[in-house]
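The sequence and structure come first, and the description follows.

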Amino acid sequence: MTTTGTTDGARAHARAQADAAIAEYWRTVPLEEPDVIWRETVEQGNYAVRVLPRGARLRLSDPAGDTCVQLLVFNHHQRAERLNVADTVKVQWQAYLGEGQLLLSDMGRTLMSIEHDTSRGHDTFNAMSNRAWNAEKYSSDGLYDHAPNARDLLTVALSKAGLTRRDVAPAVNLFKSVIVEPDGAFRWEGDQSPPGGEVVLRADMDVLVALAVTPHVLDPRAEYRASPLHIEARAGAPAPADDSIRTSSPEALRAFENVDDWYRGRPAALVGVTP
Amino acid sequence: MTSGGQAVFEHVVSDTTLAARAPWSQRIRAGQHLHVIDLEGNQAVDFLVYSADDPIERYSAADTMSAQGNVYLTTGSVLRSNEGRPLMTIVTSNVDRHDTVGGACSRESNSLRYGHHTNHQHACVDNFLHELAQRGMGKHDLVPNVNFFMNVPVEGDGSLGIVDGISGPGKSVELRAEMDVIVVVSNCPQINNPCNGFNPTPVRMVVSASG
């Protein structure tokens with residue numbers, strides 16, 4: 001038993017807390033796992049932000065089957081270049097994201113490829129929640145309470161990477177599927193995600209990723225609910241010339257050619273960059 | 001009102017004929033109306049709108065679609081901001097629907113869609129960036145937009161694409177500003193897909209003091 005009435009006591013009290021922590025939520029990866037460059041569990045109402053080197057594999061998994069992730073991606077070196085949801089669906093002639101598809105930047109380059117996907121689908125149309133949305137739906141007052149909204153979470157996350165509120169561009173919602181009916185209306189399919197689904201994204205450039213774990217805006221449940229997201233990223237090799245995603249369409253091929261062109265004369269990949 | 005290039009409007013604040021391929025921006029006060037007139041037909045008008053008081057609050061295609069539960073814009077659609085607030089409302093449209101999924105053409109996306117040889121063609125993103133720059137804004141402020149008079153059907157399997165237009169000469173859309181806003185427009189210069197009938201043409205932008 002320590003007392004916090006003195007500096008010595010307060011220090012001892014502070015240091016004792018780590019001993020009781022739950023290992024699953026530790027962010028620091030042990031030194032004996034050099035391949036693992038990021039491991040983190042993000043619970044509902046929380047966020048994560050990280051730089052990943054070109055070639056890294058980012059595995060996002062949904063052990064309980066009820067997560068929902070709002071994902072933003074930037075070119076780490078030139079952060080005015082970012083995920084463009086409109087270009088992503090228009091250039092690939094396809095609105096429903098899945099295995100083999102690219103997350104395209106607004107500069108005609110692939111930021112990440114969906115290398116593997118066992119989820120039941122994602123959503124490229126709908127909003128991330130904002131303060132007004134969560135006030136209405138969950139009686140939330142802001143970031144600090146029981147129902148933080150995705151926009152405020154991602155604003156804080158990006159601020160830590162030197163970006164601002166202006167950089168919170170449209171995101172993709174992962175792990176919750178929405179279908180467009182013939183008349184353009186949305187049909188919610190989000191309840192069908194099985195436990196254990198996962199998405200593996202390959203970083204096709206050095207990227208900054210920021211994500212929030214919050215309920216989808218079309219989630220019909222009255223309660224604020226999203227199950228924890230498990231994140232694990234490992235170092236890896238960029239797409240080779242004969243990569244099946246690179247060669248899957250003329251549009252994909254040119255998106256990789258534009259990446260190759262951008263990297264011409266630049267260092268191969270980043271190592272050990274923060275955040 | 002009647003629509004068409006010759007239409008006469010009351011209480012006109014400004015009346016501008018935008019050349020084919022040209023950019024435009026204007027501050028529009030709460031309660032004022034903007035009439036966008038497709039003079040020759042099948043001319044896509046790429047459109048963004050920002051809060052005049054705090055331009056970081058800006059058009060959000062996603063918030064707009066989520067709030068109305070539908071991907072297509074039509075009469076009654078409310079163009080919402082990234083904070084969920086109404087920026088403008090489409091009060092009348094004599095084209096069935098408008099697009100907000102397909103975003104703006106850019107040199108870079110053209111290179112993916114049509115080949116690297118299109119990389120030096122003029123594009124909407126350049127118009128947007130040029131016009132934003134006049135107002136102290138830039139690429140960080142650029143987000144997916146509205147495409148008036150552009151037809152982008154989303155099919156059952158998720159396939160989507162820019163297909164032949166459903167507009168015609170003199171068709172128009174009328175918007176009411178719900179707050180003081182800045183609208184930024186690119187009269188689309190695209191020549192590689194049917195959004196402009198492969199032939200960009202002028203459009204007319206009329207701001208009136210009321211409906």
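## A sheet of chain A

Two strands are taken to pair if DSSP finds at least two bridges between them. In this predicted model, chain A holds an open sheet of 4 strands, which follow one another in the order β2-β11-β4-β7 with antiparallel pairing. The edge positions belong to β2 (46-52) and β7 of chain A, each of which pairs on one side only. Direction ignored, neighbouring strands of this sheet are turned against each other by 25° on average.

At one end of that order, strand β4 (residues 69-75) of chain A runs antiparallel to β7(A) and is joined to β7(A) by 3 bridges.

## The surroundings of Leu174(A)

Strand β7 of chain A covers residues 172-174 and includes Leu174(A), and the residue that stands opposite Leu174(A) is Val69(A). Leu174(A) counts as buried because 28 C-beta neighbours lie inside 10 Å, where 20 or more are required.

When residues up to four places away in sequence are not counted, Leu174(A) touches Leu60(A), Val69(A), Leu71(A), His122(A) and Val199(A). Gly197(A), which is 23 residues from Leu174(A) in sequence, is 11 Å away in space, C-alpha to C-alpha.

## A sheet of chain B

In chain B, 6 strands form an open sheet with antiparallel pairing, in the order β1-β10-β3-β8-β6-β5. Because β1 (12-18) and β5 (78-80) of chain B each have a single partner strand, they stand at the edges, and one side of each is left without a neighbour in the sheet. From one strand to the next, the twist averages 20°.

The partner of β1(B) in this order is strand β10 (residues 203-208) of chain B, which runs antiparallel to β1(B) and is joined to β1(B) by 6 bridges. Within this pairing, Leu18(B) stands opposite Val203(B) in β10(B).

## The contact between the chains

Chain A brings 39 residues to the contact and chain B brings 36 residues. On the side of chain A that touches chain B, α2 (85-91), α3 (131-138) and α5 (250-263) of chain A each supply at least two residues, and the largest share, 6 residues, comes from α2(A). By class, this side of chain A is made up of 22 nonpolar, 7 polar and 10 charged residues.

## Confidence

The model scores ipTM 0.95 and pTM 0.95. For chain B the average pLDDT is 95, and 98% of the residues score at least 70. Where pLDDT is low, predicted coordinates should not be read in detail.

Note on methods:
Residues are numbered from 1 along each chain as its sequence is written. Chains are lettered from A and ligands numbered from 1 in the order in which they are written. This is a predicted model: local features need pLDDT of at least 70, side-chain atom pairs count only at pLDDT 80 or more; totals for chains, interfaces and linings use all residues. Two residues are in contact if their C-beta atoms, placed from the backbone, lie within 7 Å. Ala, Val, Leu, Ile, Met, Phe, Trp, Tyr, Cys and Pro count as nonpolar, Asp, Glu, Lys and Arg as charged, and the others, Gly among them, as polar. A residue is buried if 20 or more other C-beta atoms lie within 10 Å of its own, exposed if 12 or fewer, and partly exposed in between; C-beta atoms are placed from the backbone. Axes are lines fitted to C-alpha atoms, for helices over the stretch in contact, and angles run from 0 to 180 degrees between N-to-C directions. pLDDT is the predictor's confidence in each residue, from 0 to 100.
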